[in-house]
Amino acid sequence: MEYKPLISIKNFIILSLVIVISFALISILLSIEPLVRQFFSDITTPLIELMVIIILFYATTRSHGRFKIAWMLIMASVVSYTLGDISWAILELGYHTNPFPSISDIFYLLFYPLFALGLYYLSHFSFNRSEKIKISLNIGIIIVTISLIFWTFLIIPALSGEETLISTIVSIIYIIGDLLLFFVLLRVIYSKFSELYAPVIFLSIGILVQIFTDTIFALQTLQGTYISGGLLDTGWILSFVLIGIAAFIQASPEKMELKRYTQIKIWVQRSNFVTYLPLIWVVIAFTLLTWANENLSHSNIEIIEIVVGFIIGLVIIRQVITLNDNRNLYTAVKKENLNHKKTEELLIKSEKKYRELVDNSMVGVYKTDLNGDILFANNAMAKMFGYDNKEDIKTIKSTKLYKYPEDRKKMINLLINKEHISYHDVDMVTKDGKTLTVLLSASLEDITISGMLMDISERKKAEEALFDSEEKYRTLFEANPIYTNFTGYKR
């Protein structure tokens with residue numbers, strides 16, 4: 001018996017979004033009450049995360065193989081983050097101290113490697129050597145560009161700021177953690193997966209929200225504008241709620257179809273959009289270099305120039321490999337076209353021989369649909385039912401060939417249950433009303449019935465005549481007194 005959840009996926013997503021929106025609205029409404037807002041955020045956040053942990057445990061128990069390990073690691077990462085939030089709340093509400101940096105950061109930072117490992121187990125990276133090289137270069141180009149952005153806007157200000165050494169180191173480790181998550185996310189995006197589409201999509205969006213929120217937090221911390229319990233905290237809440245949705249979809253027996261995602265995926269494949277991604281990131285890197293020339297010191301510009309040059313080198317290598325693959329593909333396609341032409345000629349000859357064989361067959365070969373339309377019939381079938389040729393018999397409904405219409409209904413019911421029937425006797429009628437006894441074989445595929453017919457009318461008559469002869473002989477034999485005396489003697 002299949003387990004039925006108490007709530008559908010659709011209702012669970014709606015409920016989750018209501019929680020996130022409610023948290024954001026309450027944070028806005030409490031903006032004039034800093035202490036109350038801080039208390040609300042510090043207490044509510046761990047409670048929401050505990051609910052997510054329960055759902056992740058639910059997903060872990062209902063998963064198998066590497067997926068079980070993946071969800072177990074993701075659950076461990078959220079547990080670690082929740083412990084960080086609990087210790088943050090104790091320090092902030094109980095001891096009235098600034099929790100950054102503190103013991104909370106140990107739990108927060110453990111979240112990144114654990115979550116990255118979980119995502120690693122979810123992905124299935126199976127490509128040939130050339131594909132692996134190109135994908136590695138794509139990921140490398142994107143990661144180096146993102147690292148350059150983080151270096152320019154987060155790490156340089158952190159190193160030149162007035163923060164303590166410990167605060168600076170912890171801030172940089174957070175940035176590395178986000179880069180690790182982004183790297184694994186790219187690996188998942190480039191991976192081959194089928195049964196985990198919906199969970200992976202929600203996990204991916206959750207990671208992006210987490211990285212974006214962490215980045216804003218880092219900027220606000222550098223500028224001294226971060227407000228504990230403010231609207232920014234909604235970003236972390238949304239991130240974990242999305243993780244919870246992914247886990248619920250994974251565990252639920254209900255299947256979630258993402259038609260729009262499939263359409264987007266088809267469009268991306270057809271448009272070859274992925275091929276142009278490295279070039280887009282090169283443009284971003286050049287834009288960053290232009291900005292740095294006007295706003296940064298000479299030493300920092302030199303580092304950025306070296307990194308941009310490295311990115312351009314990676315793009316050139318990737319394009320050379322792509323051109324080489326295209327050249328090999330063109331050669332292979334040209335060769336394949338020649339083979340295909342030969343194969344096509346052989347198929348035409350084979351099909352012609354098959355058609356001649358079917359048309360000249362002694363048994364009727366047919367194809368009809370469930371509505372009774374005759375889609376195909378050979379000459380033998382046409383002659384069997386008194387029609388001039390196979391085109392004439394296709395003008396009638398197959399239902400008219402049955403002497404008793406209910407026989408066809410019985411045959412279709414048998415086909416629906418078994419998909420194939422053999423040696424099925426049925427009475428049918430010819431064009432001039434003559435009754436035929438036909439031995440029928442049929443197969444059902446979707447709404448098409450195909451099979452063969454053999455006229456066994458003469459054989460049936462012979463069997464009936466033989467049966468009648470045996471009955472007469474038995475009656476005559478049993479009535480003979482000699483038989484009775486002989487039987488008595490035998491006793």
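Modeller: Two strands are said to pair if DSSP finds at least two bridges between them. Helices (H or I, at least four residues) and strands (E, at least two) are DSSP runs, numbered from the N terminus. This is a predicted model, in which local features need pLDDT of at least 70 and side-chain atom pairs count only at pLDDT 80 or more, while totals for chains, interfaces and linings use all residues. Residues are numbered from 1 along each chain as its sequence is written, and side-chain values use heavy atoms, with hydrogens and water left out.

Biologist: Thanks! In which sense do strands S1 and S2 pair?

Modeller: Look at residues 364-369 for S1 and 374-377 for S2. The two strands are joined by 3 bridges, and Lys-367 stands opposite Phe-376 in S2. The sense of the pairing is antiparallel.

Biologist: Which residue in the hairpin of S1 and S2 takes a positive phi?

Modeller: The hairpin has 4 residues between its strands. A positive phi near 105 degrees is found there at Gly-372.

Biologist: Which residue forms a salt bridge with Asp-373?

Modeller: Side chains of opposite charge can pair when their charged atoms come close. A salt bridge here is a side-chain nitrogen of Lys or Arg within 4 Å of a carboxyl oxygen of Asp or Glu. For Asp-373, the closest N and O atoms of the pair are 2.8 Å apart, and the partner is Lys-397.

Biologist: How many residues apart are Asp-373 and Lys-397?

Modeller: Asp-373 sits in the loop between S1 and S2. Lys-397 belongs to the loop between helix H13 (390-393) and helix H14 (405-418). The pair links distant parts of the chain, and the separation is 24 residues.

Biologist: Is Ser-87 buried or exposed?

Modeller: Ser-87 lies in helix H3. Buried means under 20% relative accessible area, exposed over 50%, and partly exposed in between (1.4 Å probe, protein chains only). Ser-87 has 12% relative accessibility, so this residue counts as buried.

Biologist: And which residues does Ser-16 touch?

Modeller: Ser-16 is found in helix H1 (residues 9-29). Contact means heavy atoms within 4.5 Å. Not counting residues up to four places away in sequence, Ser-16 touches Val-241 and Ile-245.

Biologist: Finally, how far apart are the end C-alpha atoms of helix H3?

Modeller: The expected span of a helix is 1.5 Å times one less than its number of residues. Helix H3 (residues 65-94) has 30 residues, so its span should be 44 Å. The model agrees, with its end C-alpha atoms apart by 43 Å.
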